[in-house]
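Good morning, and thank you for coming. I would ask you to look at the sequence and the structure on the screen while I speak.

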Amino acid sequence: MRSLGIIVAFLSLVLASSAFAASAAAARGAAAAARAEFAAAVGMPGDSARGALLYRTCAACHAPNGGGTDNGIVPAIAGQHARVLIEQLADFRSGERSDATMEHFGDRQRLAGPQALADVAKYVSQLPPVASGGSGDGAAVERGAGAYGRACARCHGAAAEGDAAKRVPRLAGQRQVYLSRQLHAAAERRPRMRAQHAQLFKRTGPRDLDDLAVYLASLMPIAAPR
Ligand code: HEC
Ligand code: HEC
């Protein structure tokens, strides 16, 4: 009886470790698939007329003008750099970034492949950016500006305009509630953003994260270059 127990324990150990290895391999496979899809989509000239048709599904949540929702649940995406949009969509598809809603609405049934990613990204990047109307209190904006200059500007740009070539998202004019939620989630290492950021946000501290969100929402977004 005792030896049976040992065998059972041994077998479940083997099973558990192989399941772990399989899920790690699946995650690596998904990440590789997202990189391949991103590379293919970025190399394609997007067709914004086709993108407009695809965007009909998206408009239900992101609004027809791409401005997102006032409650901060759905982010503004209008005028974001096309390369950034393609990468974000590819990340949702691979599970690199997790959000049940976007994994569903950005899946292959709605956006069939790299060409569809390129088309919808082209269309969204050409929508005029929508100001979030954030008007946080002046002191928080000022503190946020300071924190931004110290920790973020070197990558995201002096005016938070992002960098298309390096695929750094524009943050100017993003909605405050959304940003705040996203920065806190990243600091707590929920899988929304890459590890590099998680560490930076953790060091930044919760009050600075809120100030950063207030500051960024107060900026006028600048259109992505065509
Ligand atoms: C049912 C609502 C819904 C639909 C439909 C939808 N989205 Fe989203 N989208 C969201 C939510 C919610 C988020 C925020 C996810 C998060 O918190 O990480 C999001 C995030 C995004 C982001 C990341 C933006 C950022 O700054 O991080 C992009 C890009 C995006 N959506 C594009 C699209 C496109 C393109 C479509 C259509 C093919 C689409 N979405 C359809 C709800 C939706
Ligand atoms: C070393 C360069 C670098 C620094 C410093 C940096 N970022 Fe980023 N950031 C990136 C890149 C690249 C991405 C896109 C890929 C990703 O999500 O990791 C990004 C993505 C983001 C996003 C996600 C946008 C989205 O919805 O996908 C937010 C929000 C953000 N950064 C905020 C900040 C803030 C706030 C700071 C300063 C505290 C900061 N970043 C500092 C490079 C940087």
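Predicted model: local features only at pLDDT ≥ 70, side-chain atom pairs only at ≥ 80, totals over all residues.

The protein contains ten helices and zero strands, and from the N terminus on its elements read α-α-α-α-α-α-α-α-α-α. There are 226 residues in the protein, and 36% of them count as buried. Considering contacts with a separation of 6 or more, 78% are between residues 24 or more positions apart.

Let us move to ligand 1. Which residues come nearest to ligand 1? They are Cys58, Cys61, Gln88, Asp99 and Phe105, out of 22 residues around the ligand. By class, the shell around ligand 1 consists of 14 nonpolar, five polar and three charged residues. Helix H2, residues 48–62, helix H3, residues 82–94, and helix H4, residues 100–105, each contribute at least two residues to that shell. H2 gives the most, with six residues.

H2 also packs against another helix, H5, which spans residues 114–126. How are two packed helices described? One gives the angle between their axes and the distance between the axes. For H2 and H5 the angle is about 90° and the axes lie 7 Å apart; the two helices are therefore roughly perpendicular to each other. On the H2 side, the contact is made by Ser48, Arg50, Gly51, Ala52, Leu54 and Tyr55. H5 contributes Ala116, Asp119, Val120, Lys122, Tyr123, Val124 and Gln126. Sorted by class, this contact has seven nonpolar, three polar and three charged residues.

Thank you for your attention.

Notes: Residues numbered from 1 in each chain as written. Chains lettered and ligands numbered in written order. Near = placed C-beta within 6 Å. Helix = DSSP H or I, 4+ residues; strand = E, 2+ residues; numbered from the N terminus. Nonpolar A, V, L, I, M, F, W, Y, C, P; charged D, E, K, R; others polar. Axes fitted to C-alpha atoms, helices over the stretch in contact; angles between N-to-C directions. Parallel < 35°, antiparallel > 145°, perpendicular 65-115°, else oblique. Contact = placed C-beta atoms within 7 Å. Buried ≥ 20, exposed ≤ 12 C-beta atoms within 10 Å, placed from the backbone.
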